[in-house]
Amino acid sequence: MTRAPSRTAVLTVVWAWLLMLLILPTLIVLKIAFSYPADSVPPYAPMLRPGGGLHISTDAFSLILTDPLYAHALLLSLQVAGLSTAICLLAGYPMALGIARSPERWRSLLLLLVMLPFWTGFLMRINAWIGLLQDDGWINTAIIALGLAPLRLLYTDTAMYIGMIYTYLPFMVLPLYARLSQLDARLLDAAADLGAPPWRVFLAVTLPLSLPGVGAGVLLVFIPAAGEYVIPELLGGPQAQLVGRVLWQEFFQNGDWPTASALACTLLLLLLLLPGAIFWAVRVISSPKVASVPSVATEHPPAIQQ
Amino acid sequence: MRFGAVVAVDALDLTVAAGELFVLLGASGSGKSTLLRAIGGFVQPDAGRIMLNGVDLTVMPPYRRPVNTMFQSYALFPHMNVAANIGFALRMRGMQRAEIDARVAEMLELVRLQGFGTRRPAQLSGGQQQRVALARSLAPRPALLLLDEPLSALDRNLRRDTREELVRLQRELGIAFILVTHDQEEALTMADRIGVMHAGRLMQLGKPAEVYERPNSRLVAEFLGAANVLPIVVRNGRIELAGGMPVQTATVTPSDAAWLAIRPERMRLGASNAANRVAGVVVQRSYAGETLTHLVRLADGSTLRATVALGQGLSAAQAGIGDTVTLSWDADACIVLGR
């Protein structure tokens, strides 16, 4: 019984935290999205005015739905985030598996190496990439020294993807590692014992049992990547109009807070649908293999063999 | 068709016959599990060869060996249901779906788990999981089944039933079993032959009664069942206890004779016409239902165990704590052991 009050206290803190730092700001953004713009500070009109009446505008959402600029920015963001996530998964899975299978004494060091970039500021690291990628940067200097033609790297999609994958790879590796290191090695022995060569052990045992880690990694990479502003701004070309950049322009260049807020809400909605879809997919795939119940063997005549 | 499996690891030479239930008995760390893993293909022997049916398995990866293992932890795949677990090896062989279903149904029946096909391992009791693990390792009909402490995770009563069940299955299927255990009762009751392992070496090999009644070393005598072990000296070809008392034995005295072992159940409480007798005081009694064991301290301070069967009930066992008793044993109860 002594636990109940402390439990309530902890939950109160959690809910207060969520309310103050997540729910309230979101509601404020939502309110701005439904407000009329105004030449004031802040640049939107109050919903309740002294003259009376509720002033709600859906203009901002109409604009987002009609002007292809926004749909394009959202789609491009989802596409860039999707491709970055896919590459992070393909690169991060072998890394995580390698660390999980390496001898115990090496694992901490390898994990430390994965997390090492976090010791330096994010903007510093992106600036370091500018130094590497720019026309007279380290990479081109090396290429020229080899007698080859220099490449245009900075302010291209390539540079943007390099930045995205570089930045988000640890967020893929860590949850995958957490899952893969928990995998019972005896299951792998059992699969091999029952006639599965290594690649089938991977497909039949390792991969399905690591799916929750894949789901977590995909979410941790995809969600922030979809709203990323700094990387496309600093490394990408002007054509890379991702939703983060458009948001920034609406807020700080056009001063159109309602439109910017409506765009932010639309992005949030899209990103809320994604985890739902992923959790559903993981549940469906990792639910028991639907092997038929062979209670009566003759239920399956040879005619239906595949 | 007959086949034989030859296992060779370092100084260890072992041949298991077709359809034999062979038990490797040893304490933990004796190397019995390593030997099993070498046969399964999970560790590579540094030297020596592993042959099955005339085929050299030594460098063959586990997934190619016609040998299956039933793991101590069962290692059931948690993301597959019982039927998918049992059918795993069959799917890996590319067997037809209908054939797999038929075999899985057959295996479920064999281990008496009909109707459990769609359950997940986590929904089963320990005993049921054990039977699924057994069915899974038997489904591909291996030439040889390796069982690593298959009963160690079960309750005592379930263990006894399962022991009998395993022997029945082994006889029925005619598959050679190599079973690893540290439980001497398990080894004695199940095995066609026992190999006693210690420190990576095979100490003795033989039928259960041979190994029990004629252990070839003090180590085997003490590991397999309880034994009274007394130091002896050989004087003029005669065996004497440390106190100088002569002992009559039924076997030829080995030249390095150093120990005398007598099974507690061969000791008789009270005077009899047996060839050997000593006197002592009962210092402790332990009642085990079927038997009563007396701990008797001799004049020289050593203690001997005498186990009396309680076929007539407890009243038949007369000696109480503090009573002076005579222990006697026949010449053929003496096991003379070398150094």
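A crossing of two helices is right-handed if the near helix is turned clockwise from the far one by less than a right angle. In the predicted model described here, α3(A) passes α9(A) in such a right-handed crossing. The helices involved are α3 (residues 68–101) and α9 (residues 198–226) of chain A, which pack at an angle of about 145° with their axes 9 Å apart. On the α3(A) side, the contact is formed by Ser77(A), Leu78(A), Ala81(A), Ser84(A), Thr85(A), Cys88(A), Leu89(A) and Gly92(A). Their counterparts in α9(A) are Val214(A), Gly217(A), Val218(A), Val221(A), Phe222(A), Ala225(A) and Ala226(A).

Helix α9 of chain A also contains Val205(A). Val205(A) counts as buried because 24 C-beta neighbours lie inside 10 Å, the threshold for burial being 20 or more. When residues up to four places away in sequence are not counted, Val205(A) touches Leu187(A), Leu188(A) and Ala191(A) in chain A, and Phe77(B) in chain B. The C-alpha atoms of Val205(A) and Leu183(A) are separated by 9.4 Å, the two residues being 22 apart along the chain.

Chain A as a whole comprises twelve helices and zero strands. Its C-alpha trace spans about 80 × 70 × 55 Å along the principal axes. The radius of gyration of chain A is 25 Å, whereas a compact globule of 306 residues would have a value near 19 Å. Of the 306 residues in chain A, 29% are buried. Contacts between residues at least 24 apart make up 69% of those in chain A that join residues at least 6 apart in sequence.

Chain B contains both kinds of element, with eight helices and 20 strands. The C-alpha trace of chain B extends over about 75 × 45 × 30 Å along its principal axes. Buried residues account for 40% of the 339 residues in this chain. Among contacts in chain B with a separation of 6 or more, 65% are between residues 24 or more positions apart.

In soluble globular proteins, nonpolar side chains tend to be buried together. The largest nonpolar core of the model has 97 residues, and Val23(B) and Ile178(B) touch the most other members. Helix α2 (residues 82–92) of chain B gives the most to this core, contributing seven residues. Another core, of 49 residues, lies apart from it and includes Ile32(A), Tyr44(A), Ala96(A) and Met164(A). With neighbours within four places in sequence left aside, the contacts of Ile178(B) are Val16(B), Phe22(B), Leu24(B), Leu36(B), Ile39(B), Leu144(B) and Leu146(B).

Val23(B) is also a contact of Ile194(B), as are Leu25(B), Ala187(B), Gly206(B), Pro208(B) and Val211(B), again leaving aside neighbours within four places in sequence. Ile194(B) is located in strand β9 (residues 193–198) of chain B. This residue is buried, since 27 other C-beta atoms lie within 10 Å. Between the C-alpha atoms of Ile194(B) and Ile321(B), which are 127 residues apart along the chain, the separation is 38 Å.

Helix α2(B) is mostly covered, with nine of its eleven residues buried. The buried residues are Val82(B), Ala83(B), Ala84(B), Asn85(B), Ile86(B), Gly87(B), Phe88(B), Ala89(B) and Leu90(B). Their cover includes helices α3 and α4 (126–138) of chain B. Just after α2(B), Gly94(B) adopts a positive phi of about 70°.

Two packed helices are described by the angle between their axes and the distance between the axes. For α2(B) and helix α3 (residues 97–110) of chain B, the angle is about 130° and the axes are 9 Å apart. The crossing of α2(B) and α3(B) is right-handed. At this packing, α2(B) supplies Ala83(B), Ile86(B), Gly87(B), Leu90(B) and Arg91(B). These meet Ile100(B), Arg103(B), Val104(B), Met107(B) and Leu108(B) in α3(B). An α-helix has 3.6 residues a turn, so residues three or four places apart point the same way.

Conventions:
Residues are numbered from 1 along each chain as its sequence is written. Chains are lettered from A and ligands numbered from 1 in the order in which they are written. Helices (H or I, at least four residues) and strands (E, at least two) are DSSP runs, numbered from the N terminus. The radius of gyration is taken over C-alpha atoms; the globule rule is 2.2 Å times the number of residues to the power 0.38. A residue is buried if 20 or more other C-beta atoms lie within 10 Å of its own, exposed if 12 or fewer, and partly exposed in between; C-beta atoms are placed from the backbone. Two residues are in contact if their C-beta atoms, placed from the backbone, lie within 7 Å. A nonpolar core is a set of buried Ala, Val, Leu, Ile, Met, Phe, Trp, Tyr and Cys residues joined through C-beta atoms within 7 Å. Axes are lines fitted to C-alpha atoms, for helices over the stretch in contact, and angles run from 0 to 180 degrees between N-to-C directions.
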